[in-house]
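Here is a short briefing to read with the model open beside you. Have the sequence to hand as well, and let us walk through the fold together.

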Amino acid sequence: MRPTPMNLFNDRIGRTRAITMWDFSWLERRWSGAGYADIPRALDELIERGYDAIRIDAYPHLVSADAHREWELPPCWNQQDWGSPALTRVRIQPHLDAFLAACAERDIGVGLSTWYREDRTQRRTHILTPEQQADQWVATLRAIDPALHKTILYVDLCNEWPLDCWAPFFRPTHDHTSGNWASPASLDWLRRATDRFRAAFPSMPVTFSTCTVPERYLDTPLPSVDLLEPHLWLANNSDFYARVGYNYERFSSVGYENVAARAEPLYRADPAHWQTILRERIDLLARCGRTHKLPLVTTECWAIVDYKDGPLLDW
């Protein structure tokens, strides 16, 4: 009999961990000065900051096609300080194994996820069924040295399911809105994908991370996941961005110009108001975890969503 999700997760993790998120930056930001050119140093600095776990992109749609091929990726933005701001080329293996090995040496656990990065061949659009998605993940884990599997804490089959930007292959009919993970079509996809993945890796915790409608966790049956991975920010659970004038501009500086001019004054004028909104959402997610008796992992949080180092942004 398969262990309960809580026991399965606790057996693998072994302790409470402080987890952060390096998305696809761990592989794509390797030019000089970009932060990940020296992975051992980056991991050592991570430990200095108090972290002992990371969630990264494992590129399953590319690994399952050819883990050692060089893939050409267009940028998904040029305004952010994560990922590549320009056209780049990546080869996932042997870099993925090397990254996991470096983490294992430091007792850093790794959650594997994917943002389904666009490539020139449009591999992500080849996913037509949840079974195909699960099979790509199965192939990805089999492409990783089995000795490194103990370093993997869990598998997140899709980052922020099912946002159009990260899961463009998910196109159900009448009940689809971007990010509506609680729709019947979405829940059916989740069940089929997680069941297929578990058949190959029954001892590996599996989930889909989300960033929308966290309140739906309270009234939605969740037989398909071994943990909750909701992403929560003050900015996208309030009218903060609307009042700042930030609209997730990916290739225009106007969004960050508005953040630099308006965000800090807005927050400083009434910090108790914004902190109360955030605290209530955190309490909600804690209740969701208790309600479903599922472990709670949050790798993306807590203030504004989009950020970068820049003039007037040091706050």
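Predicted model: local features only at pLDDT ≥ 70, side-chain atom pairs only at ≥ 80, totals over all residues.

Helices (H or I, at least four residues) and strands (E, at least two) are DSSP runs, numbered from the N terminus. Residues are numbered from 1 along each chain as its sequence is written, and side-chain values use heavy atoms, with hydrogens and water left out.

**The sheet**

- An open sheet is formed by 5 strands in the order E1-E2-E5-E6-E7, with parallel pairing; two strands pair if DSSP finds at least two bridges between them.
- At the edges are strand E1 (19–23) and strand E7 (206–207), each of which pairs on one side only.
- E1 and E2 run parallel and are joined by 4 bridges; Met-21 has Arg-55 of E2 as its bridge partner.
- Strand E2 (residues 53–57) also pairs with strand E5 (residues 109–113), in the parallel sense and over 5 bridges.
- Along that pairing, Ala-53 stands opposite Gly-109 in E5, and Asp-57 stands opposite Ser-113 in E5.

**How E2 is covered**

- E2 is mostly covered, with 5 of its 5 residues buried; buried means under 20% relative accessible area, exposed over 50%, and partly exposed in between (1.4 Å probe, protein chains only).
- Both faces of E2 are covered: one side has Ala-53, Arg-55 and Asp-57, the other has Ile-54 and Ile-56, and all are buried.
- Helix H3 (residues 39–48) lies across E1 and E2 and runs at about 150° to E1; axes are lines fitted to C-alpha atoms, for helices over the stretch in contact, and angles run from 0 to 180 degrees between N-to-C directions.
- H5 lies across E1, E2 and E5, running at about 175° to E2.

**Nonpolar cores**

- A nonpolar core is a set of buried Ala, Val, Leu, Ile, Met, Phe, Trp, Tyr and Cys residues joined through side-chain atoms within 4.5 Å.
- The largest nonpolar core has 87 residues, of which Trp-22, Phe-99, Leu-112, Trp-161 and Phe-197 touch the most other members.
- H10 gives the most to this core, with 6 residues.
- Leaving aside neighbours within four places in sequence, Phe-99 is in contact with Trp-22, Trp-26, Ile-39, Leu-43, Ile-54, Ile-56 and Val-110; contact means heavy atoms within 4.5 Å.

**Ala-101 and Thr-151**

- Ala-101 lies in helix H5 (residues 95–105) and is partly exposed, with a relative accessible area of 27%.
- Thr-151 lies in the loop between helix H6 (130–142) and strand E6 (152–156), and is buried because its relative accessible area is 6%.
- Ala-101 and Thr-151 are 50 residues apart in sequence and 8.2 Å apart in space, C-alpha to C-alpha.
- Not counting residues up to four places away in sequence, Thr-151 touches Leu-100, Cys-103, Ala-104, Ile-108, Gly-109 and Val-110.

**H9 against H10**

- The axes of helix H9 (residues 254–269) and helix H10 (residues 271–292) come within 5 Å and cross at roughly 90°.
- That makes H9 roughly perpendicular to H10; angles under 35 degrees count as roughly parallel, over 145 as roughly antiparallel, 65 to 115 as roughly perpendicular and the rest as oblique.
- H9 makes the contact through Leu-266, Tyr-267, Arg-268 and Ala-269, and H10 through Pro-271, Trp-274 and Gln-275.

**Backbone points to check**

- Most residues other than glycine have a negative phi, and most peptide bonds are trans.
- A cis peptide bond joins Trp-161 and Pro-162, with omega about -15°.
- Another cis peptide bond runs from Cys-301 to Trp-302, with omega near 25°; Trp-302 lies in strand E11 (residues 301–302).
- Gln-122, in the loop between E5 and H6, has a positive phi of about 60° although it is not a glycine.
- Lys-293 has a positive phi near 55°, sits in the loop between H10 and E11, and counts as exposed at 62% relative accessibility.
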